[in-house]
Amino acid sequence: MARRWRSPLRGPWLTSVFGSVLLVTLPLVILSGLLSYIAYSPQFGQALPSHVGWLKLPTFDWPTRPVWLYRVSQGIHVGLGLVLIPVVLAKLWSVIPRLFAWPPSRSIAQVMERLSIAMLVGGILFEMATGVLNIQYDYIYGFSFYPAHYYGAWVFIAGFLMHITIKIPRMVTGLRSMSLRKVLRTNRADTQPESPDAEGLVAADPAAPTMSRRGALALVGGGVLLTTLVTTGQTIGGIARRLPAMLPPGDMTGRGPNDFRVNKTAAGVGVDPAGTGERWRLTLRGGPSPAVLDRDMLCSLPQHSARLPIACVQGWSSVQTWSGVRLADLAELAGVPAPLCARVSSLGREGSFNRATLQANQIRHPDALLALRVNGADLSLDHGYPARLIVPALPGVHNTKWVSSIDFEAN
């Protein structure tokens with residue numbers, strides 16, 4: 001089997017270079033992913049999976065400042081995760097002889113190493129595959145993305161921690177075995193195999209080089225740059241939104257002032273358009289008696305405008321100017337001036353996110369709105385007409401559209 005892997009570029013140095021890049025960047029992907037789970041407020045049962053046993057994370061009130069917090073954290077998780085795909089594939093290519101080493105174990109230490117490799121490689125490939133498919137095709141597999149991605153992440157994290165514990169000393173030695181400056185000055189004709197190593201990465205019978213190590217680094221770097229160009233527009237928005245190839249399915253947008261991403265359409269979640277017209281009412285509960293308002297009554301209340309981002313777990317985000325009634329004012333109107341939480345319900349009848357629970361700090365924020373207009377125009381039906389939530393730093397899926405009622409709770 002080893003005779004198949006004859007590239008003269010493989011060796012501890014090249015593997016260590018790719019490994020050092022992943023050592024610095026993968027913790028950012030891990031941390032931002034776990035923060036995304038906490039941002040969904042698992043304490044209210046609205047993070048998926050909702051019951052995770054001993055994998056439960058410490059929870060806290062997700063901050064509303066800075067207003068772009070979730071946009072950046074989830075942008076890092078999705079954007080950096082996509083950008084690192086060429087590096088991950090290059091790292092796997094560089095160690096592929098080790099994946100087929102035989103016998104697979106000669107000692108307890110080697111068994112632990114092989115176990116860490118299996119968890120690391122299996123975990124990261126599963127996370128990349130499910131993440132990309134969730135962005136591109138949306139629920140095409142026969143299982144729920146959220147639990148699968150969450151549990152897969154912990155398999156990967158465990159493998160990652162085991163692997164770096166074993167490999168960091170060897171990575172440091174590998175990086176010191178060659179000079180980066182010398183590698184960048186060496187062309188293909190002068191490229192030589194590394195010295196034989198105990199890991200078995202260096203080919204016993206290397207073939208003639210088809211590119212230099214400098215070329216290999218440039219190839220991977222080019223892949224990173226290309227992936228960046230075709231993905232970051234979904235977070236940057238504006239003109240760059242037209243560039244990305246990796247976008248959620250359909251890239252549906254509205255028109256005019258409502259010309260920004262539509263994640264779920266009214267028809268897609270079972271909203272009856274007749275229920276959003278003149279007979280629509282907003283019910284506010286929590287006080288001695290419910291307050292019921294139509295849209296004209298809401299428009300007659302003090303209006304507030306704020307320029308806020310809306311960001312999705314799939315990585316896209318968009319910044320718009322929203323106008324409507326402050327949630328704090330609605331809480332006062334409901335007779336609950338200091339709510340601890342608010343439960344928001346939608347006209348949508350289908351899907352997992354047709355309601356949301358807000359924390360006290362999210363209700364109190366001066367820019368937290370029940371939005372009626374966007375960019376100076378009424379919301380379109382697909383953007384939540386007649387009224388939707390827009391709360392700073394809240395995951396987009398919890399900025400509930402087609403709001404029908406809000407229940408404020410004081411205790």
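At what angle do the axes of helix α3 and helix α7 cross? They cross at roughly 150° and come within 8 Å; axes are lines fitted to C-alpha atoms, for helices over the stretch in contact, with angles running from 0 to 180 degrees between N-to-C directions. Therefore α3 is roughly antiparallel to α7, a term for angles over 145 degrees.

This is a predicted model, in which local features need pLDDT of at least 70 and side-chain atom pairs count only at pLDDT 80 or more, while totals for chains, interfaces and linings use all residues. Residues are numbered from 1 along each chain as its sequence is written, and side-chain values use heavy atoms, leaving out hydrogens and water.

The two helices are DSSP runs of H or I with at least four residues, numbered from the N terminus.

| Helix | Residues | Residues in the contact |
|---|---|---|
| α3 | 85-99 | Pro86, Val87, Ala90 |
| α7 | 213-229 | Val220, Gly223, Val224, Thr227 |

Contact means heavy atoms within 4.5 Å. The residues of this contact comprise five nonpolar, two polar and no charged; Gly counts as polar here.

The largest nonpolar core has 60 residues. Such a core is a set of buried Ala, Val, Leu, Ile, Met, Phe, Trp, Tyr and Cys residues joined through side-chain atoms within 4.5 Å, where buried means under 20% relative accessible area with a 1.4 Å probe, protein chains only. Helix α1 gives the most to this core, twelve residues. Leu84 is among the residues with the most contacts inside the core. Leu84 touches Leu22, Thr25, Leu26 and Val29, not counting residues up to four places away in sequence.

Notes: Angles under 35 degrees count as roughly parallel, over 145 as roughly antiparallel, 65 to 115 as roughly perpendicular and the rest as oblique. Buried means under 20% relative accessible area, exposed over 50%, partly exposed in between (1.4 Å probe, protein chains only).
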